[in-house]
Amino acid sequence: ARLHRKIGGLHWDAGDRERAGACFASGLERLGADGDPIERAHLFQEMGRLAFRAGDNTGAIAWAERALAEAASEETSVTDPGRHREATAMRAQAYNTLGVALARTGRLEEAVDQIEQSVGLAEAGDLLQATCRGYTNLGVLYSSLNPQRSIETCLRGLETAKKVGDLGFQSRLYANLAVAYCAR
């Protein structure tokens, strides 16, 4: 199941959403009902991200909520630090996906709450890519709600993106920063 998720991620990165979705679905099928809950949560999260990118916000919300519920069922029994980090990374991504899908449905306050949870988890777990994703999305949401907070968020995100060397997040954060300055 993990291998199918990873291969699906490579198809996703190559722009082949259909093959990515097929790999994620295959991973879920191979995992079965009794398989690893954290891996199932990862696959649910990936299905949610895929639904979001396809414009299916209702589906994205449902998949992200399933991912979080699956992880919650396993959370108290995770003692291995590596497995705990993996679960935290999945939860951070799922909260982010949930937040952006909620934002698209006009539920901005709920969206901000979810993405703030994502950033909190990502920062606590030293998950820099997930932190960048969260700051990027928060910057967009804050620009219409609180432009000054958007500016501060984008600057924090830029600091993290520069530390990681992620030029994609840096460019998005610079664009968000420009929008926030215009809104202010």
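This is a predicted model: local features need pLDDT of at least 70, side-chain atom pairs count only at pLDDT 80 or more; totals for chains, interfaces and linings use all residues.
**Group meeting: a walk through the helices**

A polar contact of 3.2 Å joins the side chains of threonine 97 and glutamine 45.

Threonine 97 lies in helix H5. Is threonine 97 buried or exposed? Its relative accessible area is 0%, so threonine 97 is buried. Not counting residues up to four places away in sequence, threonine 97 touches Gln45, Gly48, Arg49, Ala60, Ala64 and Arg133. One more distance for this residue: the C-alpha atoms of threonine 97 and glutamine 114 are separated by 8.7 Å, and the two are 17 residues apart along the chain.

Now the nonpolar core. The largest one has 47 residues. Within this core, the residues with the most contacts are Phe24, Met90, Leu98, Ile115, Leu138 and Leu173. Which elements give two or more residues to this core? They are helix H2 (17-31), helix H3 (37-53), helix H4 (57-75), helix H5 (81-104), helix H6 (108-124), H7, H8 and H9. H5 provides the largest share, eight residues.

Take methionine 90 from that list. If we leave aside its neighbours within four places in sequence, methionine 90 is in contact with Ala41, His42, Gln45, Ala67 and Ala71.

Next, helix H9, residues 167-183. H9 has 17 residues and reaches 24 Å from its first C-alpha to its last, close to the 24 Å expected at 1.5 Å a residue. Which residues of H9 are buried? They are Phe169, Gln170, Leu173, Asn176, Leu177 and Ala180. These residues cover an arc of only 125° around the axis, which puts them on the same side of H9. As background, an α-helix has 3.6 residues a turn, so residues three or four places apart point the same way. The face of H9 turned away from the buried side carries the exposed residues Leu167 and Cys182. What covers the buried residues includes helix H7 (128-145) and helix H8 (147-164).

Two details of this region. At the start of H9, a side-chain oxygen of aspartate 166 reaches to within 3.0 Å of the backbone nitrogen of glycine 168.

Now a loop residue. Aspartate 126 lies in the loop between H6 and H7. Its phi is near 55°, a positive value in a residue other than glycine. In general, most residues other than glycine have a negative phi. Aspartate 126 counts as exposed, at 52% relative accessibility.

Last, the cysteines. How many disulfides does a search of the whole structure find? It finds zero. Cysteine 154 is in no disulfide, and the nearest cysteine sulfur, that of cysteine 132, is 12 Å away. A pair of sulfur atoms would have to be within 2.5 Å to count as a disulfide. Cysteine 154 is buried, with a relative accessible area of 0%. Cysteine 23 is buried as well, with a relative accessible area of 13%. On H9, by contrast, Cys182 is exposed.

That is the tour.

Conventions:
Residues are numbered from 1 along each chain as its sequence is written. Side-chain values use heavy atoms; hydrogens and water are left out. Buried means under 20% relative accessible area, exposed over 50%, partly exposed in between (1.4 Å probe, protein chains only). Helices (H or I, at least four residues) and strands (E, at least two) are DSSP runs, numbered from the N terminus. The expected span of a helix is 1.5 Å times one less than its number of residues. The arc is that of the directions from the helix axis to the C-beta atoms. Contact means heavy atoms within 4.5 Å. A polar contact is a pair of N or O atoms within 3.5 Å; within protein, one must be able to donate a hydrogen and the other to accept it, and residues adjacent in sequence count only if both atoms are side-chain atoms. A nonpolar core is a set of buried Ala, Val, Leu, Ile, Met, Phe, Trp, Tyr and Cys residues joined through side-chain atoms within 4.5 Å.
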